[in-house]
Each structure stands twice: as C-alpha cells, then as structure tokens.
Amino acid sequence: METTVRVENLKKIYFEEGRGEVRAVDGISFSCQPGEIFGLLGANGAGKTTTLRVLATILQPTSGTAALMGHDTVREPEWVRRSLGFYSASTALYPRLTARETLEFFARINGYPTQRVKARVDHLIARFGISEYADARVDRLSQGMKQKVSIARTVVHDPPVVIFDEPTVGLDVLNAIEMQKVIAEFRTEGKTILFSTHIMSEAERLCDRIAIVHRGKIHASDTLPALRSASGKHYLEDIFVHFVERANAGSLPLLEVP
Amino acid sequence: MQNPNATVQPSSAWSQIRTIYRYELRGALRERTIVINSILIPIFLYPLIMWAGFTGVMFIQGHSDSTKSRIAVLNVPREHPGLRARFERDRRINIVRDASATPDQIQRGNLDAIVEFVSPEAERAALPGNFTAKITFNGSKDRSNSARQRVEGAIERYRRDWVAREGRKLGISDAEWAGFKMTSRNLASEKQMGGFVLGMLIPVLFVVMVAAGCFYPAIDCTAGERERNTWETLMSSAAKRVHIVVAKYLYVTTLGGLAGALNLVAFALTLKPMFAPLLAQAGVTFNFAVPPAAIPLLILAAVLLAGFVAAGMMIFASFARTFKEGQAMIMPFYLLVMLPPIVLQSPGIQFTTTLALIPVVNVAMMVRSVVTGIYPWVQIGITIAVSLAMIALCVRLAAFILRFEDVMAGAYNGSIKQFFRERLFGKAKSSGGIQT
C-alpha cells in the first residue's frame, strides 16, 4: 500500500535558557497509509506537537527525515504544505475576514485551481452547515461555528494528509463529538489523518493505530488489539500507563535514584 | 517535479503575493485602529489641529488685546505733560493712580508695570526735560510683558512726535531731522511665498504621517498575527515564506504611502482657506498651490519613505510576540524617523549631496524642495537611489530574520541586539536558530 507519511529517526533538539539542551523529539519513526487515522498519544510535553510541527514544516528537524506524499519536509516544504491540512490550537482564523473569505483565501494560497475555488468553498459551506453565517466576520462567530470554519479551512484545498493536533482541547462535549465525526469522515474519504491527543477515549474511538509517545520517543505503536495483547491490559489508559512506566523504569537509574 | 495531488496546482510567486496582499489589505480596512491611523488621521487631524491652533491663537490674541494693562506712572517730567495724556489716550492702558506703587504689587499680580521717569544724571550733556523711562515689570507674566510693550510703544510714539514738533520749532523739517529711512521690497511672488511656507510645514507632517500610517499595520501583520494565533495558520499554508514577507511588506508600504499621500492632499486643500484669511489680516498674501510638476515627485517621495519605514518597522516587529511588545519595539525607530525633519525645520538648511545620502532626511528635503518649485535633480536622483538601496537592504534583512524558526514561531527570547550579534555577524548559539 502507498505510504503517505514517512518519518524516520526524527530528532528535534533545541537549547533553552535555564533548561539547557532539550530533546523534544528523540528518534521517532513511523509511517501512515491513505484512509488511516494514526494517533500520537502522550502526556503534555511528550513531543507530539513538535513532531507534528516538523511535519507541517513549521519547525526543522535537527536530524532524521520526514516526508509527506514523497516530499521531504526540509527540501520541498512548499510541496509538503500543499499536500497537508494543519489544524491545531495555534492555527486560528483571521478575525476580520468572513468565513467565506477565509476559505477562499486559503484555497487560493494553497494552490487550489482558481476556477474551482468558488465551487469548492460553496461545497464546504454546505457540507459543514455554515451557510447561515458564511458572510459574517469570523470574530463574531461562536466557538462552535469557528471550529467548523477552521476544519473547512484545513481541508479547503483537499489535501491527502490532514494533521489534527489536540483538536478537541477547549471544546465542549458536543463540539468534541462533532469534531470526532468529521475526522472519521475524512478517513472514509481516503485521507491520511495524523491525530494527537492526550484523551484516551478519543484515541480509542478514532485511531486505527496508536503510537504511545513519551519523552520524545515512541514506546509502542500498533493497533489497539495488538497493544492490548502486548501489554496484557484491556483499557487504553492502562496500556498507556504500562508503556510509560516501562519507559520510566528504563531510565530509573538516571532519574529517580535518591 | 510532479505534484501527486491532482487537485492542487503550483501557484506563481506573484499570484501568492497578490492573494496575501489583497486579503491583508481587506482585513486591515475593517480594523478601526488602522483605518483611523492610516486614513482618517492623515486626512483630518492636521488640518483640524491647525484650525484649532489658529482659532486658539486668534482667541488668545483677541483676549489679550481686550485686556487692559494696569500701569503706575510716576514722576512725569514737567517738561512733558503730554506723556501722561498719551498713556491716558491708549485704550489698552489703565493708569493706576497710586503714587506708592511698588514692585511687590507686580509680583502679586495687582499691577502690570511701573513706569518711572528719572533724570538722566549720568549724562553730562543732558538738557532740561531729558529723561530716562524706567519700566519695572515681571517677564514671567504675559500680562506684565504686554504692559511693558505697550508702555514702550507709547513712549516711542511720543518721542517721535516730540522730536518732530521741536524740530519744526527750530525750523528743521521732518525730512532733515529724520536723516534717512528704510524701505524693503520682497521679490518673492505670492506663489513663492506659499511654497516657502509649505516647504517649512509639509516635510515634518509628511514624515510623521507616513510613519504613523506604517506603525499599526507593521505590528498588526507580524506581532498582531502571533497574538491572534493566525501566524502559524498562514505559515502552514503552501505560500513561500518569502512571498508572505513580501506581501506583508507591500501591504504596510501601501498604508504608509497612502497616509502620506492623503495627508499631502488634505494639506493642499485646507491650507489656503485656513491660512489666507489670517495672513490677509497681517497684510500678506500667499498662494499655496503645489506646482503640478511636483506632484509625481511627491507621490514618489511618499512611496520611498513608506517603503523604508515599513521595512524598518517590520524588522523590529518581527521579534515581537504581542501587539504591546511590537509597539515597544517599534517606538524607538518611529521616534528616530521623526527626528531629522524636525531638525530640518531651520530655513537655512540646503538640500546638499551629503543630505541626499541620509535616509529619511533626503526624502524630507526632497519634499521641501519640490513644493517650493525647486528641482535639484542630482540630489533627487541620489535620494531615489539611496532610498531604494535602503529598502532592498531592509527587506532582505526582514526576510533573513524570519528565516529563523524561533523568530518565525515567536519563540525567540533574546534581545534584537543579541540576535544580530550572534546570527548576522557571528555563529548561531542554539539549534533554535535553525534557518528554514
């Protein structure tokens, strides 16, 4: 099967005043296929967001490689971004543009064929049920409305790969469920979804494969049944704790010796 | 290279720049702060300030004229009884009949001046009736200063009349005792005088307006985007980083240039109706028409200045994470830009080749020169070349700065000085300084 995302021994190390060298991502490798939701599950600061930001070409890797649709994130960042929709807490919408203008703008700068922009925007407005407020300024929309526009913005250029970095953070239960539905729909359309979360139930419900990320490394990566069998635990929460404890035990002499 | 995603096509550089520029501008025109600072203030503020200023001056002048000076007149010489009558005839003077007037009364504000006539004892050749008028006043009080001027004027007019009268008694005509007199002729036309006044006023306001026009857009499209979390949305789009920088730069330049041009137009339209009646009162006539040949050069000046100021401001704003930080970072540059034209207010300064080499100063001098109808083409040429070179340098610098991922992501923690020392002139210290 075609590989849409390939990450090999990816490292992101930076220097932070007061903390010294920080190994945010420390040798992560994985690959994804079309129509798959690949989840990065980890606590805050585990390295999920950094990995996804490297894939989105916002950050550069210190070493290792990452490629989307065969395009290297360092050598061909524009091609990577054309093939990618990136949704995160730090990708807000332009408050002074209307929902329609926002979609048109991102379709155009992402290289969507000019003559098809209007039709694509109309289609997304209908699909996400935002026609009532399509011509209202984004800063006048409710949180739920903004969320819909934001998802539409992410896929307006019909990218084959979509990254959702903690997409349900700050959303109420209904909006979070709505978000999960949309992500599942994208899978059925054949898109590759990279999904990061620290909410176990979300990962359990959505992901085809789950990678357990801790301290910049992937400590386990497989389907939920395979992770159950490897850990001997049933619930994802227990599975996660099992692998994290095992990882910590490995570094016990360094970290926890009194 | 082939794009495997059939729906998405590579867009040209110009198409990306144009799209970002258009949407930036559209968003900005919906932002009240930007519209006020870049459009409304240039059109209305300065004409309004000038109108308010002149109205205020006229009011104060009228008020001052109608305020009587309270003066104590002591020891009027017997030989000059007409002196007291002269003071009494002056409607602006109120003689206080108090022989015991003291300087303390002036200090307390109960009296404006004391004029005391004393004999000029020191002068051996003094004739009977000669006197020295000793005026006591308080220079820190407007009313007292005005009293001194009125007293001096009244005595001077009395002296002139007295000398003429005494001369006639001795058979000396006015022409004989006067000896000589002075007249002057102003060769400047009304148009040239108008140009001179415009040349003094326009450069300062022009630079201030262009800088003010660039100020908010420069922060809004950099630090403002980070604060609103839209920066990363744009950076994760397929647009090239350099295209994003160029589009934002053009947008800031447009608003700065627009502010400058609108200010010039507003000025040209409002100066005549505002100044002409005031100057007519003083018996001076000015023509404030800007020479038609100057208009293209003024537009060019607006573009050049806006281009430089926009690039400079974007360099500083690139480091800011919030709007507040952006304001603090840009402010020193903003003040620095406004300083030279204020110094250049001196009328003696000429548009030399040396001045043409100094950014901002050269454009201000070019504006000053062309509005007076003088076109020093060599200096204008140097100004254009220097400004374009500075713009190119600043834009390259801005693009260089935004190539560093920590600056681009708003995660750079060092100072601007440290950034330039380490990354422009030395080695990057941390991996956070990776160039994208």
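Strand 1 of chain B and strand 3 (residues 113–118) of chain B pair in the parallel sense, joined by four bridges. Strands are DSSP runs of E with at least two residues, helices are runs of H or I with at least four, and both are numbered from the N terminus. Pairing requires that DSSP finds at least two bridges between the strands. The model is predicted: local features need pLDDT of at least 70, side-chain atom pairs count only at pLDDT 80 or more, and totals for chains, interfaces and linings use all residues. Residues are numbered from 1 along each chain as its sequence is written, while chains are lettered from A and ligands numbered from 1 in the order in which they are written.

Ala72(B) lies opposite Val96(B) of strand 2 of chain B.

Chain B contains 17 helices and four strands. Of its 436 residues, 38% are buried. A residue is buried if 20 or more other C-beta atoms lie within 10 Å of its own, exposed if 12 or fewer, and partly exposed in between, with C-beta atoms placed from the backbone. Contacts are residue pairs whose C-beta atoms, placed from the backbone, lie within 7 Å. In chain B, 77% of the contacts with a separation of 6 or more link residues 24 or more positions apart.

The largest nonpolar core has 167 residues. Such a core is a set of buried Ala, Val, Leu, Ile, Met, Phe, Trp, Tyr and Cys residues joined through C-beta atoms within 7 Å. Val210(B), Cys214(B), Ala218(B), Leu305(B) and Met313(B) touch the most other members. Helix 11 (residues 294–317) of chain B supplies the largest share of this core, 17 residues. Leaving aside residues up to four places away in sequence, Met313(B) touches Cys214(B), Phe215(B), Ala218(B), Val252(B), Ile330(B) and Phe333(B). A second, separate core of 16 residues includes Ile93(B), Ala113(B), Phe137(B) and Ala147(B).

Chain A has ten helices and ten strands. Buried residues account for 48% of its 258 residues. Its C-alpha atoms fill a box of roughly 60 × 40 × 40 Å along the principal axes. In chain A, 66% of the contacts with a separation of 6 or more are between residues 24 or more positions apart. Gln143(A) belongs to helix 5 (residues 143–155) of chain A. Gln143(A) is exposed because 10 other C-beta atoms lie within 10 Å.

The contact between the chains takes 36 residues from chain A and 34 residues from chain B. On the side of chain B that touches chain A, helix 1 (13–28) and helix 9 (231–235) of chain B each supply at least two residues. Helix 1 of chain B gives the most, with five residues.

Note on methods
Two residues are in contact if their C-beta atoms, placed from the backbone, lie within 7 Å.
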